[in-house]
Amino acid sequence: MTNGFRGLRVYNTLTRAKEDFVPIDEKKVRMYVCGPTVYDYAHIGNARPAIVFDVLYRLLRHLYGEDHVTYVRNITDVDDKINARARRDYPDLPLNEAIREVTQKTADQYHADVAALGCLKPTIEPRATDFVLPRADGLTDMASLIQSLIDRGHAYEAKGEILFDTASMPAYGGLSKRRLEDQQAGARIAVEAHKKNPADFVLWKQSSADEPGWDARFTIRGAAMTIRGRPGWHIECSAMSAAYLGEEFDIHGGGLDLIFPHHENEIAQSCCAHGRDVMAHYWMHNGFLQVEGRKMSKSEGNFVTIHELLETERFGGRKWPGEVLRLAMLMTHYREPIDFSVRKLEEAEAVLDGWYRAVGDAEAGDIGCADTIAALSDDLGTTAAIASLHELRSEATKGSSAAKQALKTSAGLLGLLADTESEWFAVKASEASIDTGFVETAVEKRLTQLREKNFAEADRIRDELAAQGVQLMDYKDTESGERRTRWEVKR
């Protein structure tokens, strides 16, 4: 391969085309993905980008080497909703301290949730509050970026706010394909009088006495001033991506809803502050998510968190394993809209049960299926990758040890089949309050009855287990030719 190309093609939102992925430096592939705003437990829509870009991270590590890929996913812990929750939950603490208490709890929960979904930890996970003011280590911070924008004529102060001057950037709107002249004030949009242009956005907002704030020093029109305030939403990602990936890097990812205004404004800030034409070379966005055919919202009653799916019986009357949630997401291509439903989860679980039975307790190897890698290398073609895993399962079911290992290894590229067959079904039995020891003993007794041709007693044992939700599957061992029985919990 030349120029760092490893056969990976991705759809670039910036160009609206599928392109060969060629990193700036193949020994230092860099990706930034917008992470959660940790004011509350993450909902199932937040799980989609976590899973999608985890698959991309795994693929990049496979293609370029684990030590040559840096994945940065931020945590947003500056937000008006966070402020309100902090006041409510910790009224006796100073607000900034209360915010830290709130966000630490929800950030910890987010980490637990995405770990249960099989997501690897990113290389670096910066928190926005650590990058507001200049740092002792000299890494890029928000206040310094804002000052650079002021110095270069791209930002101005008005009524205690510092705003980005969109008219100062002729290329503004390139990602979303929105022309600046089309973004005029309309009947539904209230344009603040202090803005030069309707599309101008806040870089730094003045804080009142009961709002969190940082004392940031700026030099504006030759005069030094301190403005106690807080950063606008968009500037944090410009600062944190530059801090760890540089002024120009390879991939920026997130949900489709972030294209405008968040990612558009990130590009504007970063390019203008650093004097560059490019921030990220490839922009990738996952599609929207609905729940049971409707837009997810609390008013619709279909708002569900990852934690609720994993730990409660609210959705479909039962808990769902993290791998089931993950596969259900990957069964739809990442750029397509997805309808998240109980039926989809049941389908995903049945597929995983079949794969685990085929793999057994085989270990992963060093080489995955070429078809799986090729499918993922075509803009994360997870549906084609899953089809290749079904083919491997067919071979593995026939007893091929090579197919078993290839299925285990290839599924690992999608973050699946992390357990062994025995571990997978033992956990399912435990969650269903099934006594695995009792079942194993009953299965052996039934096999004895079958060998002795006492079919009535064998059927009685089978029916007794079925009444407890345990389904038996008889098969013949391909090597010994002996009768065997698998069992699984059917909910």
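These legends walk through several close-up views of one predicted model.

**Figure 1. The whole chain, as a starting point.** Before zooming in, here is the overall setting. In this predicted model, the chain is made of 15 helices and 16 strands. Its C-alpha atoms occupy a box of roughly 95 × 60 × 45 Å along the principal axes. Of the 491 residues, 52% count as buried. Among contacts with a separation of 6 or more, 71% link residues 24 or more positions apart. The exposed surface comes to about 22,200 Å², with carbon and sulfur atoms supplying 48% of that area. If you are thinking about charges, there are 62 positive and 77 negative side chains, and the centres of these two sets are 2 Å apart.

Figure 2. UniProt lists Lys298 under "binding site", in an unreviewed entry. Is lysine 298 buried or exposed? Its relative accessibility is 63%, and the cut-off for exposed is over 50%, so lysine 298 counts as exposed.

**Figure 3. The three-stranded sheet that includes β13.** Three strands make an open sheet here, in the order β13-β12-β14, and their pairing is mixed. β13 and β14 (338-340) are the edge strands, each pairing on one side only. Strand β12 (residues 289-291) pairs with β13 in the antiparallel sense, over two bridges. To find your bearings, look for glutamine 290, which stands opposite lysine 295 in β13.

**Figure 4. Leucine 117 and its surroundings.** Leucine 117 is found in the loop between α3 (95-116) and α4 (142-151). Its relative accessible area is 1%, so leucine 117 is buried. Which residues does leucine 117 contact, leaving aside its neighbours within four places in sequence? They are Ala47, Ile51, Ile306, Gly322, Leu325 and Arg326.

**Figure 5. Helix α8, enclosed by the rest of the structure.** Some contacts of leucine 117, including Gly322, Leu325 and Arg326, lead us to helix α8 (residues 322-330). Nine of the nine residues of α8 are buried, so the helix is largely enclosed by the rest of the structure. The buried residues include the charged side chains Glu323 and Arg326, along with Val324, Leu327, Ala328 and Met329.

**Figure 6. Strands β3 and β4, side by side.** Strand β3 (residues 29-33) pairs with β4 in the parallel sense, over five bridges. Tyrosine 32 stands opposite valine 72 in β4. Why is β4 (residues 69-73) described as largely enclosed? Five of its five residues are buried, so the rest of the structure largely encloses this strand. In a regular strand, side chains alternate between the two faces of the sheet. In β4, Val69, Tyr71 and Arg73 point one way while Thr70 and Val72 point the other, and all are buried.

Figure 7. Phenylalanine 21 is found in the loop between β2 (17-20) and β3. With a relative accessible area of 0%, phenylalanine 21 is buried. Leaving aside neighbours within four places in sequence, its contacts include Gly4, Phe5, Leu8 and Arg9. Val29, Leu60, Tyr64, Asp250, Ile251 and Tyr282 are also among the contacts of phenylalanine 21.

**Figure 8. The β5-β6 hairpin.** β5 and β6 form a hairpin with two residues between them. In the turn, lysine 159 has a positive phi of about 55°. Four bridges join β5 (residues 155-158) to β6 (residues 161-164), and the two strands run antiparallel. Tyrosine 156 has leucine 163 of β6 as its bridge partner. Both faces of β5 are covered, with Ala155 and Glu157 buried on one side and Tyr156 and Ala158 buried on the other.

**Figure 9. Two annotated stretches.** Residues 36-46 are 27% helix and 0% strand, with end C-alpha atoms 7 Å apart. Residues 371-425 are 75% helix and 0% strand, and the end C-alpha atoms there lie 28 Å apart.

Conventions: Residues numbered from 1 in each chain as written. Predicted model: local features only at pLDDT ≥ 70, side-chain atom pairs only at ≥ 80, totals over all residues. Heavy atoms only, no water. UniProt positions renumbered as here; feature names shortened; annotations may be inferred. Buried < 20%, exposed > 50% of the residue type's maximum accessible area, 1.4 Å probe, protein only. Contact = heavy atoms within 4.5 Å. Areas by Shrake-Rupley, 256 points an atom, 1.4 Å probe, with all protein chains shown as cover. Charge placed at Lys NZ, Arg CZ, Asp CG, Glu CD. Pairing = 2+ DSSP bridges.
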